[in-house]
Amino acid sequence: MSNVMDIEGHKAVVTFDSEIGMFRGEFIGLTGGADFYATSVDGLREEGRLSLETYLEMCAEEGIEPFRQFSGRFNVRIDAGLHKAAVSAAKAQAKSLNEWVGDAIQRATREG
């Protein structure tokens, strides 16, 4: 089961808000907010499409870049024992820690 929905080639994380009894979608990788709500999956998909369209139009009108740029760098803080285990696992596969972590992330994102 996945809580990620693809709307016109853009990913959105979907949650359920029990207080209002609606699904909530939030696009990933935008420079601003374009969340959307509905009571059904079909409704959520349509509201997402409309929200994204409105957001992109607003960005174009105001000259704002709608999508975040990613550098390919990020810091991770983990337990020292896990760090040591990861370095050992990477070395065992003749990989750098960066390569090993990148491979692990790639596998995890294909499964999700």
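This is a predicted model: local features need pLDDT of at least 70, side-chain atom pairs count only at pLDDT 80 or more; totals for chains, interfaces and linings use all residues.
Me: What is the radius of gyration, next to that of a compact globule?

Reply: The chain has 19 Å. A compact globule of 112 residues would be near 13 Å. The C-alpha atoms fill a box of roughly 50 × 35 × 20 Å along the principal axes.

Me: OK, new topic. How many helices and strands are there?

Reply: Three helices and four strands. Along the sequence the pattern reads β-β-β-β-α-α-α.

Me: In what order do the strands sit in the sheet?

Reply: The order is β1-β2-β3-β4, in an open sheet with antiparallel pairing. β1 (4–7) and β4 (36–38) are the edge strands, each pairing on one side only. From one strand to the next, the twist averages 35 degrees.

Me: What do strands pair through, anyway?

Reply: Backbone hydrogen bonds, and the pairing can be parallel or antiparallel.

Me: How many bridges join β1 to β2?

Reply: Four, and β2 covers residues 10–17. Met 5 stands opposite Ala 12 of β2.

Me: Switching to rings. How many aromatic pairs are there?

Reply: Two. Phe 16 and Phe 23 form an edge-to-face pair. Their centres are 5.4 Å apart, with 70 degrees between the planes.

Me: Are Phe 27 and Phe 36 buried or exposed?

Reply: Both are buried. Phe 23, from the edge-to-face pair, is partly exposed at 26% relative accessibility.

Me: Last one. Where is Ser 51?

Reply: Ser 51 is in helix α1, which spans residues 41–62.

Me: Why does Ser 51 count as buried?

Reply: Because its relative accessibility is 15%, and buried means under 20%.

Me: Which residues is Ser 51 in contact with, leaving aside neighbours within four places in sequence?

Reply: Ala 34, Asp 35 and Phe 36.

Terms used:
Residues are numbered from 1 along each chain as its sequence is written. Side-chain values use heavy atoms; hydrogens and water are left out. Two strands pair if DSSP finds at least two bridges between them. Helices (H or I, at least four residues) and strands (E, at least two) are DSSP runs, numbered from the N terminus. Axes are lines fitted to C-alpha atoms, for helices over the stretch in contact, and angles run from 0 to 180 degrees between N-to-C directions. Buried means under 20% relative accessible area, exposed over 50%, partly exposed in between (1.4 Å probe, protein chains only). Contact means heavy atoms within 4.5 Å. The radius of gyration is taken over C-alpha atoms; the globule rule is 2.2 Å times the number of residues to the power 0.38. Rings of Phe, Tyr and Trp (its six-membered ring) pair if their centres lie within 6.5 Å; planes under 30 degrees apart count as stacked, over 60 as edge-to-face and the rest as tilted.
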